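Please open the model in your viewer and keep a selection tool at hand. The stops below are given in the order in which they can be selected.

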Amino acid sequence: MVQKAKILLVDDRPENLLALEAILSALDQTLVRASSGEEALKALLTDDFAVILLDVQMPGMDGFETAAHIKRRERTRDIPIIFLTAINHGPHHTFRGYAAGAVDYISKPFDPWVLRAKVSVFVDLYMKNCQLKEQAALLRLQLEAGEAPALGGALLGELSARLASVEEQAEALAKQLDGSSDPAAAAGAAHLERKLAGLRRALDALRPGSS
């Protein structure tokens with residue numbers, strides 16, 4: 001049974017957290033609340049998350065500072081961050097969000113369907129990434145033990161097929177975003193491409209004859 005992905009929701013206003021839970025409940029994943037940047041960093045010490053929805057305007061440690069801490073930690077630096085903000089100070093404010101490591105930047109009030117769809121992309125990528133890592137680890141153990149070379153080849157084929165499926169989804173997403181003037185969309189697509197390229201390199205390294 002595949003374990004559910006965890007999504008971290010960070011906002012100092014309880015009503016905003018409740019609204020996010022209502023929007024994302026349809027994804028049937030584990031939603032974790034944090035009412036401050038400090039609380040979010042504490043949660044990230046022990047749990048792995050598929051994506052973080054982070055409010056920009058918070059008392060004390062704001063969203064930008066929280067994101068900077070997240071990106072400095074090796075354990076959490078690759079977790080996608082979607083900034084949510086009730087204000088929009090123009091391109092400079094948006095650029096600051098991307099500079100802090102965000103893959104998307106959404107102004108409130110936002111379209112619930114759009115937010116759910118964007119989060120779903122990162123959850124799906126996270127789940128497939130976990131499956132690939134587990135199968136790759138199993139295959140490496142079998143190869144190191146010299147067990148069932150034919151089975152190893154079959155598993156490599158299955159891993160490659162699974163990754164190809166994700167690559168097809170990413171390509172379809174890129175086509176949907178082609179020509180979009182939204183820098184958030186471009187940043188999200190670029191993040192997906194980097195993650196997939198890393199997975200493909202790791203898979204290729206397992207093939208016989210690779211150095």
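Helices (H or I, at least four residues) and strands (E, at least two) are taken here as DSSP runs, numbered from the N terminus. Residues are numbered from 1 along each chain as its sequence is written. This is a predicted model, in which local features need pLDDT of at least 70 and side-chain atom pairs count only at pLDDT 80 or more, while totals for chains, interfaces and linings use all residues, and side-chain values use heavy atoms, with hydrogens and water left out.

Begin by selecting Asn-129, which lies in helix H5. Asn-129 is buried, at a relative accessible area of 10%, where buried means under 20% relative accessible area, exposed over 50% and partly exposed in between (1.4 Å probe, protein chains only). Leaving aside residues up to four places away in sequence, Asn-129 touches Lys-195 and Leu-199, a contact being heavy atoms within 4.5 Å.

On a 1 Å grid over the protein atoms alone, a pocket is an open set of points where a 1.4 Å probe fits, with protein on both sides within 12 Å along at least five of seven lines, whereas a cavity is a set from which the probe cannot get out; lining residues have an atom within 4 Å of a point. The largest pocket has a volume of about 700 Å³, the volume being the space filled by probe spheres set on the points, which are joined across faces, edges and corners. Its lining comprises 27 residues, and those nearest the centre are Asp-48, Phe-49, Tyr-126, Cys-130 and Lys-133. Helix H5 (112–144) and helix H7 (183–205) each supply at least two residues of this lining, and the largest share, nine residues, comes from H5. Coloured by class, the lining divides into 11 nonpolar, five polar and 11 charged residues, where Ala, Val, Leu, Ile, Met, Phe, Trp, Tyr, Cys and Pro count as nonpolar, Asp, Glu, Lys and Arg as charged, and the others, Gly among them, as polar.

Next, select strand S4, in which five of its five residues are buried. Ile-81, Phe-83 and Thr-85 point one way from S4, while Ile-82 and Leu-84 point the other way.

Which residues do ring pairs link into a cluster? They are Phe-64, Phe-83 and Tyr-105. Rings of Phe, Tyr and Trp (its six-membered ring) pair if their centres lie within 6.5 Å, and planes under 30 degrees apart count as stacked, over 60 as edge-to-face and the rest as tilted. By this rule there are two aromatic pairs. The rings of Phe-64 and Phe-83 have centres 5.4 Å apart and planes at 75 degrees, so this pair is edge-to-face. Because Phe-64 lies in helix H3 (residues 63–72) and Phe-83 in strand S4 (residues 81–85), the pair ties together parts that are 19 residues apart in sequence. Phe-64 is buried at a relative accessible area of 5%, and Phe-83 is buried at 0%. The rings of Phe-83 and Tyr-105 have centres 6.0 Å apart and planes at 70 degrees, so that pair is edge-to-face.

Finally, select Gly-60, in the loop between strand S3 (51–55) and H3, which counts as exposed at 71% relative accessibility.
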